[in-house]
Amino acid sequence: MLNNYRSAFLRKSNKNIQLFRLSSGSLEKSSSNGIKIDIPKYINRGPTDILKAISSTVQRDPTAAHYKYHDDPYLIPVSNFQKRAYALSQESGRKAAHWILNQHPELFNHKVAFPPIEKFCPKVVYDESCELDENELKIIIEKSNVSDAITVHNLLTKKGIEISSDTQQSLLELVCFYNNQDILEEDWIEERWYTQANKDREEFRNTWKSNGFAMTLFSTIKSPNSHHYSIIIQGMAKYNQFEEAYKLYKEAIEKGFILTINAYNSAIRTAVYVKEGADHKWLHIQEILTQMNDSGVPMNLWTLNSILSVLSTMATNSESKKYALKTIAEAKQLGIEPSLATYYYLLQIFCADRKNKSTILVDILNVIEEKSLTIKDLADISFFTAAMENCRYHLQSVDIALRVHSILLKENNYNLIGDSYRESVYYRHLFAILCQNESVEFLMKYYDDLVPHIYIPEPNITELIVKSINIAAAVEMYPKIWSDILMFDQADREPIIIELINGMAQNLFPSFEPSIKEKLGLLSGTIYDAIEERKETGKIKMSWTGNMLGNLINICLFGDNIDKATEIVVKLHKHQNDIIGIPDSHTIATFLDYCIENNCFNELLKCIEYSLEVNYFELDDFISKIMTKMTLSPMQRAHLSKLVGTEHYVEIENKIESVSS
Amino acid sequence: MMLFNTLPRFLPGRSNYLVLSRCKHVQAARYKRSIKGNKPLTYEMAGPPHTIAHIKGWNSWNTCNMLDGLRPAETAIDDEFIRRFMTGTWHDLIASEIIIKRQHNIIRIAAITVQKISVTKMYFLIGYTEELLSYWLQCPIKLELQTVEDRTAVVFKYI
């Protein structure tokens with residue numbers, strides 16, 4: 001079959017082929033005339049390059065949860081709490097398995113995989129019975145396993161095995177870098193993603209282990225050289241033991257050592273605590289810079305960042321901006337390319353003053369828009385959050401916020417968002433700006449894209465979103481936003497409920513289509529039920545106000561939901577003591593009008609009962625209206641007169657007659 | 001079954017008759033009819049083995065038993081281990097057969113579970129199963145679960 005087609009095709013396109021041959025022949029000629037074919041150089045590809053290329057063709061699916069969650073409706077999280085709980089539960093299960101592995105290593109000694117995969121094997125335990133030598137220690141240091149390295153080192157010294165100075169130095173590097181303790185392993189991704197939230201609070205808190213292994217090791221070294229000094233200064237400065245670090249730095253300088261560049265950088269950072277006052281800090285920095293200059297150590301990116309980080313702590317000082325500019329200019333001369341951390345510090349320095357607005361962020365965006373960003377400094381991950389915050393409070397500009405967002409989404413820049421805490425802060429700011437400044441359609445475009453799988457709005461952001469829907473009178477959004485509020489478990493947040501009910505009541509326009517009207521009526525019923533339910537379980541402590549219930553009645557009537565409206569009126573009547581205030585008389589008038597129009601006498605009676613209790617100013621008008629506009633049967637008339645009181649009823653009747661005559 | 005009952009009548013040959021009558025008594029992987037006719041079967045259980053690749057799939061997907069395939073025996077044992085481990089770990093939660101799919105060095109385990117325990121517990125079990133099985137089999141393991149509200153959701157027919 002296929003062959004037939006093929007021959008037919010060939011016959012048909014014979015002419016074309018001949019033409020093609022002719023032309024290609026002429027091409028060959030011209031190429032021999034001097035055009036050289038350039039064969040591109042072979043590019044070495046990594047094992048995952050093809051996978052990366054394929055994955056770059058796939059875009060994010062806004063309707064799908066993050067891939068770490070199981071793709072099943074029951075297992076997909078819908079609130080911030082669930083996201084965190086599910087991800088951490090899975091990790092805790094993995095940890096349980098890990099615990100079993102380490103508890104019963106003898107069961108897992110079989111070798112199936114070839115080559116063996118170390119991650120799947122139980123951890124090796126080092127004790128006195130092990131045959132150890134220096135090479136073993138080197139391997140452990142290579143794997144950066146701090147506690148094992150310390151044990152093995154102790155065992156080696158106990159056995160009297162000499163350790164070369166190189167190994168000793170790398171061990172010192174290891175323990176100083178990790179502050180003598182094992183860090184959370186890279187395997188526990190979720191724990192790292194969720195626990196870093198409280199790191200900010202620990203900023204500048206001294207966490208250096210002063211009597212730790214690093215200090216003992218340092219003291220056992222008989223004649224520490226400049227490397228040893230550099231390492232210990234860096235370690236101390238990393239864990240905020242600034243005073244000791246500065247002391248050691250001075251000691252080293254006195255001995256005439258030339259330290260490594262990173263040690264100088266750490267020494268600059270000590271200015272935060274060692275010196276007080278902006279001028280002294282700046283002098284401190286200058287002093288170290290001159291020493292660097294004298295020793296012939298050129299500054300690098302981290303020098304720049306260290307200086308700026310010190311300057312950012314004294315950003316209120318007017319001089320700091322000048323100093324920062326000077327530093328930047330110097331770095332530019334040396335050809336140092338700034339990282340995101342540099343820009344982060346610049347933002348802190350230049351935008352500390354709320355009165356004098358600085359548009360430095362725009363300049364920064366102009367620079368980084370074309371670059372592909374990679375992480376170079378730990379503080380890099382703070383940039384995007386800070387930039388968005390700057391857009392919200394400092395510049396108050398949607399356009400710039402969107403520019404920041406588009407840069408974040410470019411290439412692999414999203415890796416620089418940091419952790420879950422920073423991510424949610426970032427989106428909090430983004431949504432706040434969108435709510436304050438943009439049309440609802442625009443806001444909803446972002447809302448549909450990001451909520452709920454990437455970001456779930458915090459209660460105050462939900463309130464802002466509801467507000468902007470209210471302002472735009474985007475009534476069709478109400479059912480969706482209410483179901484989202486229920487899903488995020490925010491229906492017990494009083495400000496949100498009040499804002500939503502008030503907004504809905506204000507946006508009742510008779511020109512709406514009947515289907516929307518009906519939806520609103522039903523929605524108001526569900527809102528009432530949901531709140532009642534939460535009040536019963538004690539989740540909501542606020543008491544109903546007459547105004548809120550009145551609004552709900554209005555919405556119910558608007559949507560022909562007379563049953564619910566009556567239920568609310570009965571509620572008003574029965575629980576008068578628990579309800580603050582009374583509904584507007586306008587609401588009651590609407591209710592009565594509706595009843596008159598649709599001939600709902602029983603509902604009408606309930607409303608009259610309530611209005612008699614409250615004793616509205618317009619009560620007589622209401623009743624006379626009923627008597628004139630509604631055709632009542634004698635039975636109904638009797639009912640009404642009994643309710644109102646016969647004398648009063650007759651009085652009103654006479655009044656109507658006198659008016660009509 | 002109908003075919004086997006009626007065929008002998010048309011094929012009086014002695015040898016044919018014998019073979020077909022043996023076929024009639026094959027009972028592996030076929031479920032016995034209950035007296036009341038209320039035994040629930042899943043879709044997978046409802047099809048006898050000869051319907052594999054026609055109306056249902058395999059429970060183990062691998063290339064071990066092909067020409068020059070590697071470790072056929074070990075794979076069979078591993079699969080049995082995985083099945084027992086799953087039914088034991090997810091006690092009274094699995095509502096279907098456990099499907100084991102091997103691709104390269106990855107083993108994907110698919111099953112349908114009942115929503116009897118909380119979601120966090122389910123995630124705990126997912127993490128635990130994946131990690132412990134990868135320690136045991138020394139390769140990446142992935143669970144691919146679907147959940148159903150109760151067991152009746154997976155019943156295909158009653159016999």
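**Note on a predicted two-chain model**

1. In chain A, the axes of helix α29 (residues 585-598) and helix α30 (residues 601-614) come within 9 Å and cross at roughly 155°, where axes are lines fitted to C-alpha atoms, for helices over the stretch in contact, and angles run from 0 to 180 degrees between N-to-C directions. Helices (H or I, at least four residues) and strands (E, at least two) are DSSP runs, numbered from the N terminus. This is a predicted model, in which local features need pLDDT of at least 70 and side-chain atom pairs count only at pLDDT 80 or more, while totals for chains, interfaces and linings use all residues. Residues are numbered from 1 along each chain as its sequence is written, and chains are lettered from A and ligands numbered from 1 in the order in which they are written.

2. α29(A) and α30(A) are therefore roughly antiparallel to each other, a label given to angles over 145 degrees. On the α29(A) side, A:I588, A:F591, A:L592 and A:C595 meet A:E603, A:L604, A:C607 and A:S611 of α30(A), contact being defined by C-beta atoms, placed from the backbone, that lie within 7 Å. The residues of this contact divide into 6 nonpolar, 1 polar and 1 charged, where Ala, Val, Leu, Ile, Met, Phe, Trp, Tyr, Cys and Pro count as nonpolar, Asp, Glu, Lys and Arg as charged, and the others, Gly among them, as polar.

3. Chain B has 5 helices and 6 strands, which follow the pattern α-α-β-α-β-α-β-β-α-β-β along the sequence.

4. An open sheet of 4 strands in chain B has the order β2-β3-β4-β5, with mixed pairing; two strands pair if DSSP finds at least two bridges between them. Because β2 (60-61) and β5 (141-148) of chain B stand at the edges with a single partner strand each, one side of each is left without a neighbour in the sheet. Strands β3 (residues 99-103) and β4 (residues 106-114) of chain B run antiparallel and are joined by 5 bridges, with B:Q103 standing opposite B:I106 in β4(B).

5. Between the chains, 20 residues of chain B are in contact with 22 residues of chain A. On the chain B side, α5(B) gives the most, with 14 residues, and the residues of that side divide into 12 nonpolar, 7 polar and 1 charged.

Definitions and conventions
Angles under 35 degrees count as roughly parallel, over 145 as roughly antiparallel, 65 to 115 as roughly perpendicular and the rest as oblique. Two residues are in contact if their C-beta atoms, placed from the backbone, lie within 7 Å.
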